[in-house]
Amino acid sequence: MKIMKTLLLFTFLLFPSITFSQSVNYLFLQIPNEILEVSAENRPKLIIETKGDFLKFRLSEARKGELKIVSQKKDEVLVGMTVSDCEGNTLQFFKVKNGSWKDVTKDVIKPLGKNDLVNILKASPVTVTNPNQELGIAMFYEFATDSTNLKLIARKQDSCDVAGTVYNYKFNGKKFDIQK
């Protein structure tokens, strides 16, 4: 019995990340209500799929989301969350430590700007009938289920149909970089 206790203690000391790791399901239930405006009691009903560190959920018929554990350290987890519909998308990243969720999106991925317009139009060409016309291209982010990769996908003009991938991103341990 003493050998078993010693072996168990040795395992906990040797592999602390396994001991203190948090599952994506657990984190989904812990998201503060001001971030995901659904009570923790109702969230299990929203889950569509869970695979490893990836969780897909549906907020309504039109709105879906994803939660992804991007990295885990001893006592800190980096989590990414998307919520999208035909109109667009939100992408947020949070450092979760001791139950506190801190938004670190600006540190983890570069925001899209006017320099990205050419790549967006390559993925989703538009028809312009008026010089003052809004382009009407919605985009959304999608996490890979089996890696820390991320995609930015453009929809067809004024449509919910997918036009193509704008960028593929890879996590470098600190932030997401665009793959060339």
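Me: Buried means under 20% relative accessible area, exposed means over 50%, and partly exposed is in between. Why is Asp53 called partly exposed in this predicted model?

Reply: Asp53 has a relative accessibility of 28%. That value lies between the limits of 20% and 50%, so Asp53 counts as partly exposed.

Me: What makes Asp53 and Lys68 a salt bridge?

Reply: Side chains of opposite charge can pair when their charged atoms come close. The cut-off here is 4 Å between a side-chain nitrogen of Lys or Arg and a carboxyl oxygen of Asp or Glu. For Asp53 and Lys68 the N to O distance is 2.9 Å, so the pair passes the test. This pair also links distant parts of the chain: Asp53 sits in the loop between β1 (47-51) and β2 (54-58), Lys68 sits in strand β3 (residues 64-72), and they are 15 residues apart.

Me: How many salt bridges does a search of the whole structure find?

Reply: It finds three. Another one joins Asp75 to Lys97, with the closest N and O atoms 3.9 Å apart. Asp75 belongs to the loop between β3 and β4 (76-85) and Lys97 to strand β5, 22 residues apart. Asp75 has a relative accessible area of 44% and Lys97 has 37%, so each falls between 20% and 50% and is called partly exposed.

Me: Now the rings. What makes the aromatic pair of Phe93 and Phe143 edge-to-face?

Reply: A pair of aromatic rings is described by the distance of the centres and the angle of the planes. Check the distance: 6.1 Å centre to centre is within the 6.5 Å limit, so the rings pair. Then check the angle: 85° between the planes is over 60, so the pair is edge-to-face. Phe93 lies in strand β5 (residues 88-97) and Phe143 in strand β7 (residues 139-143), so this pair joins parts that are 50 residues apart in sequence. Phe93, at 0% relative accessibility, is buried, and Phe143 is buried too, with 4%.

Me: Why is the pair of Tyr141 and Tyr169 called tilted?

Reply: Their ring centres are 6.2 Å apart, which is within 6.5 Å, so they pair. Tyr141 is in strand β7 and Tyr169 in strand β9 (residues 162-171), 28 residues apart. With relative accessible areas of 11% for Tyr141 and 3% for Tyr169, each is under 20% and therefore buried.

Me: How many aromatic pairs does the structure hold?

Reply: It holds seven. One aromatic cluster is formed by Phe93, Phe143, Phe171 and Phe176.

Me: What makes β3 and β4 paired strands?

Reply: Pairing needs at least two bridges, and β3 and β4 share eight in the antiparallel sense, so they qualify. One example is Ser71, whose bridge partner in β4 is Leu78. These strands belong to an open sheet of six, in the order β1-β2-β3-β4-β5-β6.

Me: What makes β1 and β6 edge strands of that sheet?

Reply: Strands β1 and β6 (100-103) each pair on one side only. From one strand to the next, the twist averages 20°.

Me: Which element gives the most to the lining of the largest pocket?

Reply: That is β4, with three residues. The lining residues include Ser71, Glu76, Leu78, Lys95 and Phe171, and the pocket holds about 200 Å³ of space.

How values were computed. Residues numbered from 1 in each chain as written. Predicted model: local features only at pLDDT ≥ 70, side-chain atom pairs only at ≥ 80, totals over all residues. Heavy atoms only, no water. Phe/Tyr/Trp six-rings, centres within 6.5 Å; stacked < 30°, edge-to-face > 60°. Helix = DSSP H or I, 4+ residues; strand = E, 2+ residues; numbered from the N terminus. Buried < 20%, exposed > 50% of the residue type's maximum accessible area, 1.4 Å probe, protein only. Axes fitted to C-alpha atoms, helices over the stretch in contact; angles between N-to-C directions. 1 Å grid on protein atoms, 1.4 Å probe; cavity = no way out; pocket = protein on both sides within 12 Å on 5 of 7 lines; lining within 4 Å. Points joined across faces, edges and corners; volume = space filled by probe spheres on them.
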